[in-house]
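Dear colleague,

My findings follow directly after it.

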Amino acid sequence: MTKRKDATVYRGQPWVYAVLAVGLVVVCGPFVWMVLSAFKSEREIYANPPTWIPENPTLANFTDLFSRMDVGTYLFNSVFIAVAATVGNVLFCSMVGYALAKIEFAGRRAVFGIVLTKMMIPGMVLALPTYVIVANLGLVDTYAGIILPGLAGPMGVFLMRQFIGGLPDDLMAAARVDGAGELRIFARIVLPLCRPAMATLGLLTFLGSWNSFIWPMYVAQSKEMYTLPVAIALLTKEAVNLQYGQLLAGSVTLVVPIIVVFVLFQRHFVQGIATTGLK
Amino acid sequence: MTSIALPAARERRRLRLSARARRNLAGWGFSLPFLILYAVFELVPVVAALGFSFTDLRSRDLLNPLNVDPVGTANYARLLSDDVFWQAIANTLYFAAVTVPLTIVIGMALAFALNSGINRLKTFFRVSYYLPVVSSIVAIAVIFRYLLGQEIGLVNVVLGWFGIDGPNWLMDPFWAMPSLIGMAVWRHVGFVMVIYLAGLQSIPGELYEASSIDGASARQRFWHVTLPLLRPTTLFLVIVSVIGNLQFFEEPFVMTGGGPLHRTTSISFLIYDTFGTGQYGYAAAISYVLFLVIALLSVVQFRLLRSTS
């Protein structure tokens, strides 16, 4: 704020815009290039020198991709899994977050310690043994097998604990005096007050679930269970009849929805990143 | 007096005890879903992986994990003499050592640029720089393989304008890793920028006022006010980036398949690759090495962060 009065900062402004604009080209150029190329014919994609604007814009890549694979099913799976993971994760994280922030129970430190250890375990270390567990539970090739292991993530617990810790104790104390049980306090007082934090965590979870493909690729065995990223990733590995235009069309289908979600809710994203990141 | 006070005190103690029991019940009750998920999908797998690493577990034994032979420390001994394992360690260190400082310096520069008093387009720039962070790596890989192609890739076309004959980035043993590093930096600068922006906004403006009244130049303010106050942010970012980059997997998985000549095989990729060939016991042993390194770093992280906050 005080910087606005600062003349030296004003002097630097055009220069700052120039740097930011160059950075913008580097960062967003690939996305623009992807979208433009997705509407080119296969021959134009491989043209040398390349064309910028599609000479004969075509939807062929999209129609070919959609006829080649069941994009509708994959989209449904992606959305369904992302929504279920989001609801489950937000609920479970809020519950532990509440317990850790506001209930002084024996073993609270131990539970918090568990949350900390959970952050230390690299994903790749868990992949195989978790797969063995999922297989023994009969959850291979099921939605539950894809969703359950990712719920109640430590970052989410942190975020909710942090946020709930900042709510005034008086509210809960007053409800307790009035004879409300903890469940009622949680559902009627804590959750409604947590809406901003829940929005942030929900969006982060949705995003993570939408983009994740390694674990779903392990668990989904039949094509009916593929999510969109899994399908595109496996299409990439297909050497026969690989049409780059179709891959680009698939990438556009994968990226555009999440960019729309992000732009619409970016306030929550940025807030949440800052809070989860820093504390 | 006593006859009145005693029942009251007793009543109070009874209430307090039951209140404590209720609190315990509520605390554990609310933690239960988390704890169950933790036990089933975290604790059991971690312990199981340790067990696997001392066996010759293979893919066919999966549904009968107890039906395998113990091999003692053979898997770990094999690790030490496995050239690919050492190459993977070297690759991982190379990747992290370059990616972490580059991402942090560029992300910090962007945050300063955005925070330098510009008003117009600030949100637009912030959102744009963040797009790679929210985009699927699968899609990013499709774009980047197209951009980095030898003949038709846009990168080499642009280099050609300046008379530079670009290499076949992803197939070249020397250039494959720098390509992945560039892509990783491109993906993560937005995250670093947002964290630094939050850090910068928490610095009270009076500090700048006071230091400019005292005659400090912009450069002095940067080195003596801003940077020291951003120390916790920087520390956090360094640690998180180091831990994250030591586990890098997605870049080689989607871009190079670990090649050429294992030049982009990271530790995580090697684990995945070893799973793929069905040598689960050996893969578990490699996992545990990675796990120990990461766990150690995490402990250091918690110590450092606690001492600064």
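Among contacts in chain B between residues at least 6 apart in sequence, what percentage join residues at least 24 apart? The figure is 67%. Please bear in mind that this is a predicted model.

Chain B: fold and dimensions

The secondary structure of chain B consists of 13 helices and 0 strands. Its pattern along the sequence accordingly reads α-α-α-α-α-α-α-α-α-α-α-α-α. Along the principal axes, the C-alpha atoms of chain B fill a box of roughly 100 × 75 × 30 Å. The radius of gyration of chain B is 27 Å, whereas a compact globule of 309 residues would have a value near 19 Å. Of the 309 residues in chain B, 38% count as buried.

One helix pair across the two chains deserves a description. Helix 2 of chain A (residues 13–38) packs with helix 5 of chain B (residues 137–147) at an angle of about 85°, and their axes are 10 Å apart. Because angles of 65 to 115 degrees count as roughly perpendicular, helix 2 of chain A is roughly perpendicular to helix 5 of chain B. On the side of chain A, the contact is made by A:Pro30, A:Trp33, A:Met34 and A:Ser37 of helix 2. Helix 5 of chain B contributes B:Ile143, B:Phe144, B:Tyr146 and B:Leu147. By class, the residues of this contact divide into 7 nonpolar and 1 polar, with no charged residue.

Yours sincerely

Technical notes:
Residues numbered from 1 in each chain as written. Chains lettered and ligands numbered in written order. Predicted model: local features only at pLDDT ≥ 70, side-chain atom pairs only at ≥ 80, totals over all residues. Axes fitted to C-alpha atoms, helices over the stretch in contact; angles between N-to-C directions. Helix = DSSP H or I, 4+ residues; strand = E, 2+ residues; numbered from the N terminus. Parallel < 35°, antiparallel > 145°, perpendicular 65-115°, else oblique. Contact = placed C-beta atoms within 7 Å. Nonpolar A, V, L, I, M, F, W, Y, C, P; charged D, E, K, R; others polar. Rg over C-alpha atoms; globule rule 2.2 N^0.38 Å. Buried ≥ 20, exposed ≤ 12 C-beta atoms within 10 Å, placed from the backbone.
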